[in-house]
Amino acid sequence: MEPDDLGQRRETWDVVFSTWPPDAVRPHATRRLAKVLGRNPVVLDVNYGPGRDRLYQWARGSGISAQDGRGLLLHQGALSFRMWTGRKAPVDVMRAALGLG
């Protein structure tokens, strides 16, 4: 769904899994998104990195539970590492490198 399509929605959403490109997250899109969110929504913005996580930043700034795409990147990378090398990925090292603690 494109950000401009949000104004046509009638249901409320409890979970938003966003693959919107960062440039699509503009004030008119977040105003429309805010209107369709349920009472305790969760937002997962698969983008990550400075300037690329606008939806995540908006959600957090609005008091909405949110995650950026670093966790997804971590687990995709760990799975790929195992597939390519046949060894268990150093997930703790990878997590720290992504700033996930």
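Reader: Before we start, what does contact mean here?

Author: Contact means that heavy atoms lie within 4.5 Å of each other. Please keep in mind as well that this is a predicted model.

Reader: Then which residues is Asp68 in contact with, leaving aside its neighbours within four places in sequence?

Author: With those neighbours set aside, Asp68 is in contact with Leu44, Asp45, Asn47 and Tyr56.

Reader: And where does Asp68 lie?

Author: Asp68 is found in the loop between S3 and helix H3, which covers 70-85.

Reader: Is Asp68 buried or exposed?

Author: Asp68 counts as buried, because its relative accessibility is 7% and the cut-off for buried is under 20%.

Reader: Which side chain does the side chain of Asp68 make a polar contact with?

Author: The partner is the side chain of Arg70, at 2.8 Å.

Reader: Let us step back. How many helices and strands does the chain have?

Author: There are four helices and three strands. Their pattern along the sequence reads β-α-β-α-β-α-α. The C-alpha trace spans about 50 × 25 × 25 Å along its principal axes.

Reader: In what order do the strands form the sheet, and is the pairing parallel or antiparallel?

Author: The order is S1-S2-S3 in an open sheet, and the pairing is parallel. Strand S1 (13-18) and strand S3 (65-67) are the edge strands, each pairing on one side only. From one strand to the next, the twist averages 15°.

Reader: How many bridges join S2 to S3?

Author: Strand S2, residues 37-45, is joined to S3 by three bridges. Opposite Leu44 stands Gln67 in S3.

Reader: Which strands does helix H1 touch?

Author: Helix H1, residues 27-36, packs on the sheet and touches S1 and S2. The direction of H1 makes about 130° with that of S2. Helix H2, residues 54-61, lies across S1, S2 and S3 and runs at about 145° to S2.

Reader: What does Val43 touch, not counting residues up to four places away in sequence?

Author: On that basis Val43 touches Val16, Leu55, Ala59, Ile64, Ser65, Ala66 and Gln67. The C-alpha atoms of Val43 and Val15 are separated by 5.9 Å, although these residues are 28 residues apart along the chain.

Reader: Is Val15 buried or exposed?

Author: Val15, in strand S1, counts as exposed because its relative accessibility is 61%, and exposed means over 50%.

Reader: And Thr30, is that buried or exposed?

Author: Thr30, located in helix H1, is buried, with a relative accessible area of 9%. Apart from residues up to four places away in sequence, Thr30 touches Val25, Leu55 and Trp58.

Conventions
Residues numbered from 1 in each chain as written. Predicted model: local features only at pLDDT ≥ 70, side-chain atom pairs only at ≥ 80, totals over all residues. Heavy atoms only, no water. Pairing = 2+ DSSP bridges. Helix = DSSP H or I, 4+ residues; strand = E, 2+ residues; numbered from the N terminus. Axes fitted to C-alpha atoms, helices over the stretch in contact; angles between N-to-C directions. Buried < 20%, exposed > 50% of the residue type's maximum accessible area, 1.4 Å probe, protein only. Polar contact = N/O pair within 3.5 Å; in protein donor to acceptor, adjacent residues only side chain to side chain.
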